[in-house]
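Here is a briefing on one chain. Please look over the sequence and the 3D structure first.

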Amino acid sequence: MKIIWLVSSTVDKRKVKISELQGKVVGIYFSANWYSPCRKFNELLINVYKQLRSQGHNDFEIVLVSSDEDISAFNNYRASMPWLAVPYSDLETKKALNQTFDVEAMPWLVFLQPNNDDATMLHDGVELIYRYGIEAFPFTNERLEILHKEQKEKEESQTLVNLLTNHDRNYLLSHDSLSPQVAVTSLQGKTIGLYFSAQWCLPCVKFIPKLISIYQRIKQNLPQEEDFEIVFVSSDRDEASFQSYFGTMPWLAIPFGDPCIKDLAKHFDVREIPSLVILGPDEKTVTKQGRYLINLYQENAYPFTEARLEFLEKQMDEEAKSLPKSAFHQRHQHELNLVSESTGGGPFICCDCEEPGSGWAYQCLECGFEVHPKCVRPV
Ligand SMILES: [Zn+2]
Ligand SMILES: [Zn+2]
């Protein structure tokens with residue numbers, strides 16, 4: 001690589017020699033202003049960076065490798081960043097860095113240790129920052145092992161009582177006027193869905209009617225010895241919106257603004273809402289993908305266990321055998337082809353119901369239009 005200097009933050013406008021990075025932990029950060037997941041992650045990373053600096057960690061630096069489309073977009077984006085950047089005009093270096101670090105998606109963040117050894121390089125920097133924030137510093141394998149171990153211990157000691165209560169509240173809210181408070185301990189032995197949501201969030205408002213009808217169907221079809229309950233974990237901005245939103249839900253809720261709400265979001269690493277985390281009768285986490293599984297399998301997803309999902313996948317493969325190889329959809333002018341993971345499919349966002357999917361889908365090879373098989377509306 002020919003690169004000999006980097007540009008520093010827009011504030012001091014310095015040219016920085018690569019040799020100045022020697023001895024530091026360096027994050028190579030691939031990002032672009034035009035892509036909203038990058039902008040979202042960027043805010044978080046700035047926060048982490050500033051916190052580390054304020055704690056005196058000057059042995060740490062980040063270098064932006066931008067995929068912005070023009071110099072003014074690059075300059076605008078960089079103006080928000082306190083770290084260094086590869087100059088916009090240095091296309092050759094940017095291309096080489098993209099290839100060297102196998103950039104698969106954006107944002108992408110690779111951490112290099114001062115010894116510059118491949119074995120100490122971490123490629124999942126974005127994941128680490130989302131999950132652990134500044135606790136992941138100095139981004140070494142040793143540090144990660146400790147964090148993973150702590151996480152595992154936390155999950156193993158997880159109980160409904162330590163998740164859902166606080167020192168002066170041991171109940172949840174219900175709509176039952178005779179018993180508006182339900183003891184958390186009464187949920188023990190049930191399958192529980194923790195529903196992270198808020199009324200101001202459009203995807204939440206869209207998802208809720210579906211979740212309500214599926215909740216009711218799951219309850220109707222339950223085997224006698226089993227029970228299922230949902231608990232609303234609200235990130236509403238005021239009590240009135242919480243009350244009106246909770247008023248539409250047939251299940252329980254943690255009181256508005258309760259301190260355990262933030263802890264729950266952190267514990268389950270909730271990054272977007274709506275989100276549905278499923279806990280088993282043993283009070284341990286079954287899956288954090290409840291929303292996705294509800295969209296994919298509706299009430300059949302219950303009880304959301306691995307064994308259940310394996311069964312459903314097999315069933316879907318069986319059913320797909322009888323699906324037509326191609327179809328036309330009301331909202332699309334081209335013919336769609338049936339694809340699976342092994343024939344060019346993969347994770348997608350359904351262009352009809354706007355929910356994520358994977359596995360079987362109808363896909364337009366020309367323009368990428370893709371829908372769930374259940375969402376095809378024939379012409
Ligand atoms: Zn769909
Ligand atoms: Zn098309």
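Predicted model: local features only at pLDDT ≥ 70, side-chain atom pairs only at ≥ 80, totals over all residues.

Residues are numbered from 1 along each chain as its sequence is written, and chains are lettered from A and ligands numbered from 1 in the order in which they are written.

**Domains**
- The domain assignment gives domain 1 (5–153), domain 2 (160–313) and domain 3 (323–375); such bounds come from an automatic or database assignment.
- Between domain 1 and domain 3, the C-alpha centres are 36 Å apart.

**Nonpolar cores**
- A nonpolar core is a set of buried Ala, Val, Leu, Ile, Met, Phe, Trp, Tyr and Cys residues joined through C-beta atoms within 7 Å.
- Buried means that 20 or more other C-beta atoms lie within 10 Å of the residue's own; exposed means 12 or fewer, and partly exposed is in between, with C-beta atoms placed from the backbone.
- The largest core holds 38 residues, and L172, L194, Y195, V231, F232 and A253 have the most contacts inside it.
- Helix α7 (residues 202–220) supplies the largest share of this core, five residues.
- A second, separate core has 31 residues, including L6, I28, F30 and I129.
- Leaving out residues up to four places away in sequence, Y195 touches I230, V231, F232, V233, P274 and L276; contact means C-beta atoms, placed from the backbone, within 7 Å.

**Helix α8**
- Helices (H or I, at least four residues) and strands (E, at least two) are DSSP runs, numbered from the N terminus.
- In α8 (residues 239–246), F242, Y245 and F246 are buried.
- The buried residues of α8 fall within an arc of 95° seen down its axis, so they line one face of the helix; the arc is that of the directions from the helix axis to the C-beta atoms.
- A240 and S244 are exposed on the other side of α8.
- The cover over the buried residues of α8 includes β10 (228–234) and β11 (252–253).

**Four-stranded sheet**
- Four strands form an open, antiparallel sheet in the order β14-β15-β18-β19; two strands pair if DSSP finds at least two bridges between them.
- Its edge strands, β14 (326–327) and β19 (370–371), each pair on one side only.
- Three antiparallel bridges join β15 (residues 336–339) and β18 (residues 361–363).
- Opposite L338 stands Y362 in β18.

**H267**
- H267 is in helix α9 (residues 260–267).
- H267 is partly exposed, because 18 other C-beta atoms lie within 10 Å.
- The C-alpha atoms of H267 and K154 are 8.6 Å apart, although the two residues are 113 residues apart along the chain.

How values were computed
Contact = placed C-beta atoms within 7 Å.
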